[in-house]
Amino acid sequence: MGGFAAVNDDILENILFRLPALSFASAACVSKSWNQVCDRVLSCPKLASALSLNPSLPDAVKEVLEKVLSGPIRPQFAIASIGLQFSLEATHQLITERLGSRVPVITNAACGIIGRDVVTNTMREVRWHMIPEEDGSYSQESEKFNRGIVLIVGYLPGLKADAIPLLRPKSEHQFPMINKFMMDIRGYTASVSCCIAPAGIILFGDQHSNLTLVLAEIDCAMPRETVIVGDASSRFLCSSGHNSRNYNADLYHFDAVALVFARDKNKPNGIGETRFHATLSTGVIPFGPELKALCVTSKGTECSWLIASMNGYHQILDIQRLLDDISDEMDDESADLYIGVIQKRQTSIEPGKFELRTSLAFYEVLGGQEEYLIVDGVGIKPGDTFLFYHSDWDTASASCLNAYENLRVLNTASSSKNHHFLGDAAGAAGSVGNGGVFGGLMFSSHYRGESYFDSYPFCSNFPGSPLAGMVCNKEIGRDPAVSSMWQQAKEESPARCSLHVCTTVYLVFSYVPPSPYLLLN
């Protein structure tokens, strides 16, 4: 037997390891033995990401696709974030055509992008500012800068992934189909896994939708082990890996989409475990006395007008005067002002069974008019208590260091030789075959400004590991760290918080290899 058929498997594996994704996929179809070698090459999870600031949309998409597909990978999912001057539809079409209809793809428009530049091979954090002219158009200068894309694709053996949309019928006065959304997530997870709880969810919400109730339902329904991150306010397009979930856009609004990761019940022997880890860096701090909402008037779905008093008192506050006093006292005139509202709601945890849940929700302060406090968003009820919060550079800086320390602990854990007994594992991407971190995803607040290098905590701990990120208006992160902030401000049981402001959310992917004892059996 001659030619490639006689090539030693180790030599063949070395050759296949150097092939781009398309050639690698073709090689896997040559023969059964070649397919088995290809499976060995991709026996560990892999992420690939790239960023391009090429002002030409077709060229930028081509550059990032060629970069992420330059090595062996079988894409299971893809997330692309683009500048506001790029066409969402054209970008999504180019990516889905290249990756194929079986790969779930989410494309969203972001306020900025984070990743490694395909030209310079350096980490870039790009934050765009879209300032319209008086006639509502955008200047040529802004059009010149708000262009770019970051793309991340992933292959996670042992996991299944698909995009599941939250639908809202386009007929009048219809509400989001939250129950169907939750059933679809559970149903998909149960169909591919041995349980109904996913390992992780990356969630994108439409900028015109309020995800507060949705996040409360997800938080209640999912165990704490399910990591949930995302961007709650953007424009996005999505494609599912199954045609049954690609709904007609003429009939439905897509209020959100969840990229769901579930354990594969048919995971082959010899495949380890991919784990998700999340940590947060917050940039807001509470101040002032606790207040109570006495009366709430919602203006559609856009904003709420509150009448409030100090908690425990009945005298109505002069909100306009209060806001003037706050403005006079704040050192930083550019600081953003919010209220953090404690909401105690009866939540259905299963059919016919309810539980009282306490959550912390942030609302941006838009202004005041006499006794009315005007905030962005709806969902506040009379009796809810709240504190004022403001963005703070020192808090953001200290919290960024805390995120660095959290990731350093993760990194240290991966240095242990006993990967199989670790609750969490992390490390450099080059050692992922032996366990460790192999990539990350970031959701950074647009309101944190340009003075932060938010990728520092990740890049310092895991140099060389793929990282992609997007700049958001509202960040999703299911993490108890922000709840402890309320504990410090108000000594009672912590409120859960999944929707944040002035925050950076880090999602870290790590791999724990299979136990050698299992491989021997």
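**Entry 1: strand 4 and its partners.** I began with strand 4, which runs antiparallel to strand 5 (residues 123–127) and is joined to strand 5 by five bridges. I took strands as DSSP runs (E, at least two residues; helices are H or I, at least four), numbered from the N terminus, and counted two strands as paired where DSSP finds at least two bridges between them. The model is predicted, with local features needing pLDDT of at least 70 and side-chain atom pairs pLDDT 80 or more, while totals for chains, interfaces and linings use all residues. Residues are numbered from 1 along each chain, and side-chain values use heavy atoms, without hydrogens and water.

I found Ile 114 opposite Glu 125 in strand 5. Six residues separate the two strands of this hairpin, and Asn 121 in the turn has a positive phi of about 60°. Strand 4 also pairs antiparallel with strand 19 (residues 467–472) over three bridges, where Gly 112 has Val 471 as its bridge partner. Of the five residues of strand 4 (residues 112–116), four are buried, that is, under 20% relative accessible area with a 1.4 Å probe, protein chains only.

**Entry 2: the largest cavity.** I then looked up the lining of the largest cavity, to which strand 2 (77–82), strand 6 (149–155) and strand 19 each supply at least two residues. Among the lining residues are Ile 79, Val 150, Leu 441 and Met 470. A cavity here is a set of points on a 1 Å grid over the protein atoms alone where a 1.4 Å probe fits but cannot get out, and lining residues have an atom within 4 Å of a point.

Notes:
Buried < 20%, exposed > 50% of the residue type's maximum accessible area, 1.4 Å probe, protein only. 1 Å grid on protein atoms, 1.4 Å probe; cavity = no way out; pocket = protein on both sides within 12 Å on 5 of 7 lines; lining within 4 Å.
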